[in-house]
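Please work through the following exercises with the sequence and the model at hand. Each task is followed by a worked solution.

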Amino acid sequence: MENLLGYVADLLFPRLCVVCGKELNASERHVCAMCMAELPLTGYHKIEFNPMEQLFAGKVPVEWASGYFFYERGSRHAAILHSLKYKNQPHLGEWLARRFAAELHACGWLDGVDAVVPVPLHRSKLVVRGYNQSEYIARGIASVAGCRVEKLVKAAKAHETQTHKGQHERLLNTEGVFCATAEAARFSGKHILMVDDVVTTGATLIACAEALRRAVDDLRISVATLAVARLQ
Ligand SMILES: [Zn+2]
C-alpha cells in the first residue's frame with residue numbers, strides 16, 4: 001500500500017533532481033546519480049594541510065577542516081546550495097551531509113568527535129527562512145558520527161553588535177557577533193565539530209570558534225562545511 005501511495009504521489013508530484021531538473025528514479029533522492037557523479041568534490045580530507053585548514057591557520061587553531069564539494073556561483077551544482085537555503089529543502093542538506101560524513105568516517109576523522117555544533121542563523125534570517133540549514137547538515141553528520149547535535153553558539157541580537165562595537169571590532173565584518181551558550185562549558189577538554197553550509201573567507205566560522213574558545217577551556221575544534229566557495 002505504501003509503495004502504491006508512493007507511486008501515485010510520484011505521478012502527481014514528480015520528484016526532480018535539484019541540479020538538472022530531471023525526474024528522479026525510485027532509488028534516487030534530491031540529486032540524480034548522474035549529477036552526484038559530477039559533483040566537484042574537494043577531497044580535502046585526503047590532503048595534508050589542505051586549503052581550508054590554511055584558511056584558519058594563524059587565526060584560530062583547528063584539529064582539521066574539510067568541505068565536501070566546490071561551490072562556484074552560476075555553476076550547475078550551485079543549485080544545491082540555493083535549494084538548501086532558499087527553496088525550503090533543508091533535508092537535502094541532511095542527506096548530503098550523511099554522504100560527506102561517510103567519507104570523513106572512513107578516514108577516521110569523526111573518531112573522538114564529542115558533538116556536532118551548527119553555526120547559528122541570526123534570528124531575523126531564521127524568521128524569514130523558517131529553518132537553519134546548518135542544523136540539518138549537523139544532524140546528518142551527527143547521525144554518522146554517533147554523537148549529538150549541540151547548539152553551543154548563538155548569534156547575538158543586532159543591537160548587541162552595536163553595544164560591543166569597540167571590543168569586537170575584528171568580528172564586525174562577519175554577519176554578527178556570536179557568543180557561547182551556557183551549555184558550552186560542559187565541553188571543556190572535548191572535541192567539537194563545527195558545521196556550516198558553505199565556507200568563503202572563513203570569517204563566520206572563525207568568529208564562532210573564537211566565541212567558543214573564550215568561553216570553554218581546552219576545547220578542540222574541527223570544521224566541516226558542505227561547500228567550499230571558489231573565489232574568482
Ligand atoms: Zn540531475
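**Exercise 1.** How many helices and strands does the secondary structure of the chain come to?

*Solution.* This is a predicted model, in which local features need pLDDT of at least 70, side-chain atom pairs count only at pLDDT 80 or more, and totals for chains, interfaces and linings use all residues. Residues are numbered from 1 along each chain as its sequence is written. The chain has nine helices and seven strands, taken as DSSP runs numbered from the N terminus (helices: H or I, at least four residues; strands: E, at least two).

**Exercise 2.** Determine the strand order of the open sheet and identify its edges.

*Solution.* Five strands, paired in parallel, follow the order β1-β7-β6-β2-β3; strands pair if DSSP finds at least two bridges between them. β1 (65–71) and β3 (148–149) each have a single partner strand, so one side of each lacks a neighbour in the sheet. Two bridges connect β2 (residues 115–118) with β3, and valine 116 stands opposite valine 149 in β3.

**Exercise 3.** Which residues touch the most other members of the largest nonpolar core?

*Solution.* Such a core is a set of buried Ala, Val, Leu, Ile, Met, Phe, Trp, Tyr and Cys residues joined through C-beta atoms within 7 Å, where buried denotes 20 or more other C-beta atoms within 10 Å of the residue's own, with C-beta atoms placed from the backbone. Among the 63 residues of this core, they are Val116, Ile141, Met194, Cys208 and Leu212. Helix α9 gives the most to the core, with seven residues. Domain 1 (1–38) and domain 2 (39–229) both contribute residues, so the core lies between them; the bounds come from an automatic or database domain assignment.

Notes
A residue is buried if 20 or more other C-beta atoms lie within 10 Å of its own, exposed if 12 or fewer, and partly exposed in between; C-beta atoms are placed from the backbone.
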